[in-house]
Amino acid sequence: PATKAAAEKLALHDDDRNLAVAALRPHLIWGPRDPHLLPRVVAAARAGRLAIVGDGHNRVDLTYAANAARAHVLAAEYLAEHPGVRKTYFISDDAPVELWDWSNRMLARLGIAPVTRRIPYRLAYGLGAVLEAVYRLMPRLGEPPMTRFVAGQLAFSHYFDIGAARRDLGYRPVIPPETALERTAAWLKEAGI
């Protein structure tokens, strides 16, 4: 996130007035061929290591990969017609979901038991801090299974107004949420994840 923010800031504030910039901020990109987010969640759920952090009612924005791709095409078209513009756009499926309900619906499609175990946010945050310190001292371990950042992402609501993308770019999600869920579950099954 830090390098993305730095690159966005450089592009938006560059002195070249001929440079047109549309900084897109798709939130939680997911879908078939996702090598990061969903495989980790599914693996943790299968191993019984996934737990609801916090009260379990947090709402989040998701962005199906095809919808994110469509936003990029629309942004390129917009920039071609509006030289010199410099704007930031949040992109999502425009339908915030209750994270743990959505996760359990995905897991059900894969034949995995729903996540019901809960841990308080403060405990997850504290565990994240300890694991970050341990993994920093022993980098060969890879990435910690919990961080303070992840604890917050799993416990708190985070969704965004995509009105500017709708207005300027004409962005609308092209794949509805249920279709996206079915396609992704089918791919996860086919890929053996």
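Residues count as buried under 20% relative accessible area, exposed over 50%, and partly exposed in between. Keep that handy for these exercises on a predicted model.

**Exercise 1.** Classify Leu28 by its accessible area, and describe its backbone.

*Solution.* Start with the location: Leu28 sits in the loop that links strand 1 (21-26) to strand 2 (29-30). Next, take its relative accessible area, 28%. Because this value falls between 20% and 50%, Leu28 is partly exposed. Finally, turn to the backbone: Leu28 is not a glycine, yet its phi is positive, about 50°. For context, most residues other than glycine have a negative phi.

**Exercise 2.** Find which residues of the largest nonpolar core touch the most other members, then trace the contacts of Trp30.

*Solution.* The core has 25 residues, and Trp30, Trp102, Met106 and Leu188 touch the most other members. Two or more residues come from each of helix 2 (37-46), helix 4 (99-109) and helix 8 (177-191). Now set aside the neighbours of Trp30 within four places in sequence; its remaining contacts include Leu38, Leu62, Tyr64, Trp102, Met106, Ala180 and Leu181. Among these contacts are also Thr63, Asp93 and Thr184.

Methods:
Residues are numbered from 1 along each chain as its sequence is written. This is a predicted model: local features need pLDDT of at least 70, side-chain atom pairs count only at pLDDT 80 or more; totals for chains, interfaces and linings use all residues. Side-chain values use heavy atoms; hydrogens and water are left out. A nonpolar core is a set of buried Ala, Val, Leu, Ile, Met, Phe, Trp, Tyr and Cys residues joined through side-chain atoms within 4.5 Å. Buried means under 20% relative accessible area, exposed over 50%, partly exposed in between (1.4 Å probe, protein chains only). Helices (H or I, at least four residues) and strands (E, at least two) are DSSP runs, numbered from the N terminus. Contact means heavy atoms within 4.5 Å.
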